Amino acid sequence: MSYPLVCLGNPLLDLQVDVEKSFLDKYDLKENDAILVEEKHMPIFDEVLKMDGVKLVAGGAAQNTARGAQYVLPPKSVLYFGSVGKDVYADKLSEANKSVGLTTSYMVQDDIATGKCAALINGQNRSLVTDLAAANHFKPSHLEKPENWEIVKNAKYFYIGGFHLTVSPEAIIKLGEEAAASNKPLVLNFSAPFIPRFFKDALDKVVPYTDYIICNESEAAAYAESHDGLEKDTPLEKIAEFIAKLPKVNTKSARTVIFTQGTDSTLVVSYNAESGKIDTKQYPVHALEASKVTDTNGAGDAFAAGFVAGLVEGKELDTAIDMGHWLASLSIQEVGPSYPFPKQTYSA
């Protein structure tokens with residue numbers, strides 16, 4: 001089979017629930033943050049499962065994006081790689097993906113449970129606590145299977161969730177090498193502030209293979225804090241220029257850095273090493289009445305989905321960015337990182 005877009009990430013079952021600020025304080029959690037679970041956080045999952053209104057949603061940032069891109073694109077356009085357990089939670093993930101036409105190629109762990117994420121919603125804020133479990137055991141060998149590598153070779157675009165930098169940078173680099181050698185764009189999403197802070201070395205090894213980098217203002221600030229030549233209070237535009245100018249394996253194409261800023265305009269900086277030219281633009285997001293906002297969890301994943309779908313469709317950068325804003329606007333009117341049905345179609 002041939003799938004224009006191949007995605008790699010950490011498949012998780014989201015346990016989504018509304019909580020009071022006191023619940024976050026109890027576990028030393030921050031609003032609008034994402035962390036990997038520590039021992040002190042493990043009771044959260046049992047507590048959440050017993051709460052009224054808890055919702056089980058197919059999640060994992062890159063899987064959300066893969067599902068969103070498939071929502072926009074023609075059937076059988078997207079394939080997603082990740083690792084799950086042999087359990088009912090993996091079955092639920094597969095069912096959710098099949099419902100929107102997303103194809104998955106999971107590496108299945110016989111004796112490790114499917115990963116889960118407590119998505120703790122407090123008003124317009126969300127705090128994500130993740131137990132990777134089986135997702136943490138993805139290996140490049142799964143990509144190397146002949147039937148899977150054929151899918152990789154036939155792909156036209158690659159999308160990587162930054163959370164996978166904690167799991168298998170080797171698998172990301174394997175895709176990056178293929179992308180660079182065949183002049184196919186690779187999109188990397190930083191995904192969370194702790195990635196540039198605590199997985200700096202892995203991130204720095206992967207960035208040379210990237211053609212597009214997506215992150216929000218918090219992740220950009222975390223990158224600046226952890227890298228020489230930048231400071232915590234460096235203006236966003238200067239951070240974007242710094243990243244755009246980093247060494248690139250595939251010199252045939254420019255690198256484009258995209259910083260989303262919630263309801264503020266999206267900053268986009270592109271750098272062409274051959275010409276030395278830098279292009280900087282600001283793109284306003286789609287206005288939406290506050291009363292229509294249901295759930296902002298997964299808004300960034302939805303933006304990435306619309307954007308990468310635009311690339312796959314051959315759209316110009318301006319249109320691809322607008323498609324990202326459009327899909328994010330649709331997603332935050334739904335519960336969880338999901339999209340409305342009947343399916344809606346983008347129009348400029």
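**Strand pairing in a predicted model**

Modeller: Strand β7 (residues 115-122) has 7 of its 8 residues buried, so it is largely enclosed by the rest of the structure. Buried denotes under 20% relative accessible area, with exposed over 50% and partly exposed in between (1.4 Å probe, protein chains only). Strands are DSSP runs (E, at least two residues), numbered from the N terminus. This is a predicted model, in which local features need pLDDT of at least 70, side-chain atom pairs count only at pLDDT 80 or more, and totals for chains, interfaces and linings use all residues. Residues are numbered from 1 along each chain as its sequence is written, and side-chain values use heavy atoms, with hydrogens and water left out.

Biologist: Which residue of β7 is the bridge partner of Leu12?

Modeller: Two strands pair if DSSP finds at least two bridges between them. Strand β2 (residues 12-18) runs parallel to β7 and is joined to it by 7 bridges. Within β7, Leu12 has as its bridge partner Gly115.

Biologist: Which strands stand at the edges of the open sheet of 9 strands?

Modeller: The open sheet has mixed pairing and the order β6-β5-β1-β9-β10-β11-β12-β13-β14. Each edge strand has a single partner strand, so one side of each is left without a neighbour in the sheet; these strands are β6 (103-109) and β14 (277-283).

Technical notes. Helix = DSSP H or I, 4+ residues; strand = E, 2+ residues; numbered from the N terminus.
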